[in-house]
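Visitor: Could you put the model up, so that we can go through it together?

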Amino acid sequence: MTPTLPTLLVLDADPPPRLGRLTGRARIEHTDAAGLAGRLPAADVLLVWDFASHAVRDAWPGTGPRPRWVHTASAGVDHLMCPELAVSDTVVTNARGVFDQPIAEYVAALVLAVAKDLPRTLELQRERTWRHRETRRVAGTRACVIGSGPIGRAIARTLKALDVTTALVGRVPRTGVHGPGDLDRLISRADWVISAAPLTEQTHGMFDTRRFGVMQPSAVFVNVGRGGLVDEDALAEALRRRWIAGAALDVFASEPLSDESPLWGLPGLIVSPHMSGDTVGWRDELGSQFVELYERWAAGRPLRNVVDKKRGYVPGH
């Protein structure tokens, strides 16, 4: 008798994942957000390929069985977590490891672009204006990186290579990592405040009016974590009042950013469309990572990148 293949349900996004290596090893089915709730009970595994969708959070509380394992093709899991999933026996994994160095390189590029006034240089070139200026030296400046996971650690390593003195802040203090109690002191001295934390109940809105007020007037704020970490109105006010020198946002509370958003025109703000981790070939890398995890799961071996569903991230580092 032919054994029944596990059902792998994919919450699709375009382009779809390449899962050819799983041919004959899984019954692969695809769904969009509208069809997810009706198809969850028959799935053994759910691959959240559309990692910008909140469909899982909306569909999970329904009736019937639920997949034994959910994998999201993203570092963050806030888009899919709900109380029912958090208390269930379902294992949740993420794409930890794929985006670390690309995001670190992007942050370094932003730091250099701001320090060397590259946005203004490009503007002046378009205007055919020759205007000599002095720029900031990056070596010897200070950075505070909030988020001590793999992405935060990669950012810290990359900035240190530029001779930036870097402090790392995590949920709990340990060797080489400061705890939340040191955050205000560290950002008050930092030239670069880099947000790379996961979005949880504890971190939601952590960069607010008070925190921007703590920063020094020459500081630049960068967010590559989650949009919900930042009170965007408070950031806008801080930039307009020149409480801080500038900011760069790659993530936003609502995406895509509306063309009517006042953030587009704020002085000293660089806006990018959630692209800091997306290098050439990133989707193939995400697909390969999932296939490797599926092979472990099918063989009964422990999964990597298992998320602590109460904390909202992969613990241990």
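Guide: Let me begin with a term: on a 1 Å grid over the protein atoms alone, a pocket is an open set of points where a 1.4 Å probe fits, with protein on both sides within 12 Å along at least five of seven lines, and its lining residues have an atom within 4 Å of a point. A volume is the space filled by probe spheres set on the points, which are joined across faces, edges and corners. This is a predicted model, in which local features need pLDDT of at least 70 and side-chain atom pairs count only at pLDDT 80 or more, whereas totals for chains, interfaces and linings use all residues. Residues are numbered from 1 along each chain as its sequence is written, and side-chain values use heavy atoms, without hydrogens or water.

Visitor: OK, how much space lies in the second largest pocket?

Guide: The second largest pocket holds about 430 Å³. Its lining is made up of 18 residues, and those closest to the centre are Pro119, Arg120, Glu123, Leu269 and Ile270.

Visitor: Which element gives the most to that lining?

Guide: That is α5, which supplies six residues to the lining of the second largest pocket. The elements that each give two or more residues are α4 (100-115), α5 (118-126), β10 (246-249) and β11, where helices (H or I, at least four residues) and strands (E, at least two) are DSSP runs numbered from the N terminus.

Visitor: And how do the residues of the lining divide into nonpolar, polar and charged?

Guide: The lining of the second largest pocket has 12 nonpolar residues, two polar ones and four charged ones; Ala, Val, Leu, Ile, Met, Phe, Trp, Tyr, Cys and Pro count as nonpolar, Asp, Glu, Lys and Arg as charged, and the others, Gly among them, as polar.

Visitor: β11 turned up there; what is the order of strands in the open sheet of six?

Guide: The order in that open sheet is β7-β6-β8-β9-β10-β11, and the pairing is parallel, two strands being paired if DSSP finds at least two bridges between them. At the edges are β7 (165-169) and β11 (269-271), each of which pairs on one side only.

Visitor: Inside that sheet, how many bridges join β6 to β8?

Guide: There are four bridges between β6 (residues 142-146) and β8 (residues 192-195), and these strands run parallel; Ala143, for example, has Trp192 of β8 as its bridge partner.

Visitor: Is β1 mostly covered or exposed?

Guide: Mostly covered: in β1 (residues 7-11), five of the five residues are buried, which means under 20% relative accessible area, with exposed being over 50% and partly exposed in between (1.4 Å probe, protein chains only). Thr7, Leu9 and Leu11 point one way from the strand, while Leu8 and Val10 point the other way. In a regular strand the side chains alternate between the two faces of the sheet.

Visitor: What about Val70, buried or exposed?

Guide: Val70, in strand β4 (residues 69-72), has a relative accessible area of 0% and is therefore buried. Beyond its neighbours within four places in sequence, Val70 is in contact (heavy atoms within 4.5 Å) with Leu46, Val48, Trp60, Leu80, Thr90, Val91, Val92 and Thr93. For one of these, Leu80, which is 10 residues away along the chain, the separation of the C-alpha atoms is 9.6 Å.

Visitor: And Pro102, what does it touch beyond its sequence neighbours?

Guide: Pro102, in helix α4, touches Ser276, Gly277 and Thr279 once neighbours within four places are left aside. Pro102 counts as buried because its relative accessibility is 14%.

Visitor: Last topic: which peptide bonds are cis?

Guide: Two to look at are Asp14 to Pro15 and Glu255 to Pro256, each with omega near 0°. Pro15 lies in the loop between β1 and β2, and Pro256 in the loop between β10 and β11.

Visitor: Where is Asp117 found, and what is its phi near?

Guide: Asp117 is in the loop between α4 and α5, with phi near 60°, a positive value in a residue other than glycine. Asp117 is partly exposed, because its relative accessible area is 26%. His274, in the loop between β11 and α10 (282-298), also has a positive phi, of about 50°, and at 32% relative accessible area His274 is partly exposed. Most residues other than glycine have a negative phi, and most peptide bonds are trans.
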